[in-house]
Amino acid sequence: MPDCRFCGAPLRLTFVDLGKTPLANSYLKPGDLQHIEPVYPLHARVCEFCFLVQVEPVVPAEEIFGHYAYFSSYSKSWLEHAADYCRMARAKFALDTKSFVIEIASNDGYLLKNFITAGIPCLGIEPAANVAEVARKNNVPTEALFFGEKTAGAIAKKYKKADLIIANNVLAHVPDLNDFVRGFKTLLKPGGTITCEVPHLLKLIIGVQFDTIYHEHYSYFSLLALEKIFAFHGLEIYDADELSTHGGSLRIYAAHSGEGQKTSVQLKKIRADEKAANLDKPEGYSGFGVKVKTICAELFTFLEKTKAEGETVAGFGAAAKGNTLLNVSKIKNDSIKFVCDNNPHKQRLYMPGSHIPILPPQEIFAKKPDYVLILPWNIAAEIAQELADIKSWGGKFVTAIPNLRIWQ
Ligand SMILES: [Zn+2]
């Protein structure tokens with residue numbers, strides 16, 4: 001039985017056991033298809049003491065993120081989200097040319113670019129060396145490092161402590177959570193702020209978003225668990241926003257404990273919502289597995305039916321979450337012929353497990369499938385707009401989560 005990544009207690013309660021699947025981001029080259037693909041247990045458990053939901057780190061982070069191929073810059077709505085954040089942060093924290101902003105897991109610099117345009121000094125810390133290189137070419141100062149207490153100390157010495165530390169969608173990917181949060185404490189200037197965005201566990205539970213569970217996502221956070229973790233390391237969460245990104249995210253604001261920050265009304269509201277959903281009790285986490293089985297059965301049955309009737313189905317969006325959905329639902333390339341994706345780095349590769357080929361988006365219009373299954377349901381509206389012309393041949397859209405929905 002594994003131990004809790006934060007508090008060390010044995011993890012006795014299952015949240016959902018999704019069986020064995022390949023790594024959701026291990027896209028395959030044509031030559032890989034003949035080889036046996038490694039699969040790993042994907043079993044999410046909840047700690048009954050701190051209520052952190054987590055999966056075992058079956059693969060070291062270095063292996064997953066050393067050459068991470070995901071460039072956030074490819075989604076338009078995501079770039080807008082980054083620009084909005086920068087505008088908000090500049091006003092809220094009164095940032096100017098004397099401030100110092102550090103972003104952890106800064107990717108190709110798509111967010112920090114906004115601070116640079118505004119003349120605010122900043123630094124990106126990005127573990128994937130190839131991605132950090134792209135950021136530097138974009139004139140975003142970036143160190144290619146894994147973040148933790150040691151890195152934070154070195155950065156504070158080489159540069160200085162930060163007025164604002166940004167860590168968006170990275171906390172979930174951190175195997176040594178305590179070391180990472182100690183890094184925040186080390187690198188934050190007195191009076192400074194940390195903002196972190198994480199997919200909100202409450203939304204995952206309500207929306208049965210089980211496809212956001214994959215090996216590279218080690219932890220799934222409620223505000224309740226985050227407050228315990230930050231407090232343990234001398235940091236206090238004093239405010240939070242609920243965001244629509246990733247199907248419902250939390251943005252938390254934290255400062256050094258004891259700096260007299262007022263707890264916001266919004267933070268109290270989220271605490272109350274989580275309490276109402278029993279997230280402070282084991283009951284809040286039970287029954288999730290049954291809902292997952294229903295979704296998978298619904299999708300599998302739909303695809304079998306289309307196959308029997310000679311109809312064709314294509315997928316759209318070769319996102320990691322799509323791989324969890326397809327692999328847990330036992331869907332292969334006989335029922336979905338191809339998946340299209342805008343990211344040229346993914347095109348001509350194959351989806352792990354299902355071995356569905358990934359093709360450029362124009363293939364949808366060349367092959368005219370009867371249905372397009374949108375895998376990243378969180379941006380379904382944006383994708384449906386992009387593919388609106390499928391109506392010309394009577395094509396329909398499908399999403400599987402939180403239940404099967406077919407529309408035109
Ligand atoms: Zn725990």
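Before anything else, one definition: two strands count as paired if DSSP finds at least two bridges between them. Keep that in mind, everyone, and remember that what we have here is a predicted model.

Strand E4, residues 101–104, and strand E5, residues 122–125, run parallel and share 4 bridges. Within that pair, Glu103 sits opposite Gly124 of E5.

Where do these two strands belong? They are part of an open sheet of 7 strands, in the order E6-E5-E4-E7-E8-E11-E10, with mixed pairing. At the edges you'll find E6 (142–143) and E10 (235–243); each has a single partner strand, so one side of each has no neighbour in the sheet. Now look for helix H6, residues 177–187, which packs on this sheet. H6 touches E4, E7 (162–168), E8 (188–199) and E10, and its direction makes about 145° with that of E8.

There is another sheet to show you. This one is open too, with 4 strands in the order E1-E2-E3-E9 and antiparallel pairing. Here the edges are E1 (13–21) and E9 (219–220), and since each has a single partner strand, one side of each is left without a neighbour in the sheet. E1 and E2, the latter covering residues 40–46, are antiparallel and joined by 6 bridges.

Which residues have the most contacts inside the largest nonpolar core? They are Ile165 and Val339, in a core of 125 residues. Helix H8, residues 223–232, gives the most to this core, with 6 residues. The core also draws at least three residues from each of domain 1 and domain 2.

Let me stay with Ile165 for a moment. Setting aside neighbours within four places in sequence, Ile165 is in contact with Ile102, Ile104, Phe184, Leu187, Leu188 and Ile194.

Finally, the domains. The chain is divided into domain 1, made of 63–90 + 150–285, and domain 2, which is 299–407. Their C-alpha centres lie 31 Å apart. How many residues does each domain bring to the contact? Domain 1 brings 14 and domain 2 brings 12. On the side of domain 1 that touches domain 2, the residues divide into 5 nonpolar, 7 polar and 2 charged.

Note on methods
Residues numbered from 1 in each chain as written. Predicted model: local features only at pLDDT ≥ 70, side-chain atom pairs only at ≥ 80, totals over all residues. Domains from an automatic or database assignment. Contact = placed C-beta atoms within 7 Å. Nonpolar A, V, L, I, M, F, W, Y, C, P; charged D, E, K, R; others polar. Axes fitted to C-alpha atoms, helices over the stretch in contact; angles between N-to-C directions. Core = buried A, V, L, I, M, F, W, Y, C linked by C-beta atoms within 7 Å. Buried ≥ 20, exposed ≤ 12 C-beta atoms within 10 Å, placed from the backbone.
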